[in-house]
Amino acid sequence: MILRNVVVGVSGGVDSAVAALLLKNKGFKVQGVFMKNWDIIDEKTFCTGEQDWEDAQRVCRYLKIPLIHVNFVKEYWNNVFRQFLHDYESGLTPNPDILCNRHIKFDNFFSYATREDKLGAEAIATGHYARTNFGPFLEQYSPDQSVRLLQARDTFKDQTFFLSSVPQRALRKTMFPLGNFTKDEVKRLAEDAGMGFLLKKKESTGICFIGHRNFQEFISEYITAKPGKMVDIETGAEVGDHSGFHNWTIGQRCRLGGFPQRYFIAQKDRRTNTIFVAQGTHNPALFSKTFSTECPYWIDETSLPDIQNGFRCCLDFSTLSLSRGVN
């Protein structure tokens, strides 16, 4: 398959900038898209959205590629943030980046980029550190073969976990130009190409709509506190109070004073609004040999095992394929 028109998501950071650079150097006709996913009217103190937009424009002017601004705020709220809040209220610890990739970047953005009545691209590209069996520029694309998601060469920066729910139809037409590079190599490419100004930016981590503020303060703006008890999982004794499940994660240390060993969150009982805690870092209650999952998602359904009767999954971390394991 010979591709010509590619739309790349440009965030204003070094990774997406170098992805766009590599695409242009390969001879593709590149169109940049900056996605606005969070309304920062009340968040300007905490989110760098406006600065990112300015940096994205600067990158695209330098690379001489067109850039447009697309608003997915409504879609993000309905498909990502609302689910994020629901999960926290239920005692879970969700990762909104997974939902964002599935619903926004590889659904809304992918459709916008490839629809004939929109941008009409033949493929999209992102600055994620990941690979597929189709190659970084889809040079090994096969219309009769399912795509598999593979671990990036830079295992420390690898982002396949966050891409584990991306739909097959979008992944088949997605390029990951950075998949065979390390982060240090990407920085050198940016420097050598004259985009060293991007290296002065602090690398974005965490969730944009939370920014640098205290997470518990942020989440309390959206979730009503439901106080309950903290109970020692071994003795059944009440050892403290909590202000809601959403403030605590399984395995997290809880600061309870006056005890010989540190306490950690072991379990949450949604029915009684009780959090069970365990003393010591080696407490058996903090470990498990099995786990259960609901509605497993398979990128490659052709490799779906017999889930009803159970199965064993072995991961080869040298060429990790999430289509062969529970995602």
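**Strands, cores and buried residues in the predicted model**

In helix α2, which spans residues 49-63, D55 has a relative accessible area of 9% and is therefore buried, the cut-off for that term being under 20%. The structure is a predicted model. Leaving aside neighbours within four places in sequence, the contacts of D55 are with G12 and K201.

The mean pLDDT of the protein chain is 87, with 88% of its residues at 70 or more. In residues 42-46 the pLDDT falls below 50, and this stretch makes nine contacts in the model beyond near neighbours in sequence. A further stretch, residues 317-327, has pLDDT under 50. For residues 317-327 the model has 36 contacts beyond four places in sequence.

Strand β1 covers residues 5-9, and four of its five residues are buried, so that the strand is mostly covered. Five bridges link β1 to strand β2 (residues 29-36), and the two strands run parallel. Between β1 and β2 the chain passes through helix α1 (residues 14-25), and this β-α-β crossover is right-handed. Strand β1 also pairs with strand β4 (residues 123-125), again in the parallel sense, over three bridges.

The largest nonpolar core consists of 71 residues. Helix α1 gives the most to this core, contributing eight residues. The residues with the most contacts inside the core are L23, F28, F109, M175 and M195. Of these, L23 touches F28 and M175, and its other contacts are V6, V8, V30, A125, F137 and P177, not counting residues up to four places away in sequence. A second core is separate and has 10 residues, among them F245, C254, Y263 and I275.

An open sheet of five strands, with mixed pairing, is arranged in the order β9-β8-β12-β11-β10. Strands β9 (238-242) and β10 (253-254) form the edges, each pairing on one side only. Within this sheet, strand β11 (residues 263-269) and strand β12 (residues 274-279) are antiparallel and are joined by six bridges. One of the residue pairs is I265 with V277, the latter being the bridge partner in β12. In a regular strand, side chains alternate between the two faces of the sheet.

The loop between β9 and β10 contains H246. The relative accessibility of H246 is 5%, and the residue therefore counts as buried. Apart from neighbours within four places in sequence, H246 is in contact with Y88, F215, I219, I223, T224 and A225.

With a disulfide taken as a pair of cysteine sulfur atoms within 2.5 Å, the count of disulfides is zero.

How values were computed:
Residues numbered from 1 in each chain as written. Predicted model: local features only at pLDDT ≥ 70, side-chain atom pairs only at ≥ 80, totals over all residues. Heavy atoms only, no water. Pairing = 2+ DSSP bridges. Buried < 20%, exposed > 50% of the residue type's maximum accessible area, 1.4 Å probe, protein only. Contact = heavy atoms within 4.5 Å. Right-handed = clockwise from strand over helix to strand, strands pointing away. pLDDT = per-residue confidence, 0-100. Core = buried A, V, L, I, M, F, W, Y, C linked by side-chain atoms within 4.5 Å.
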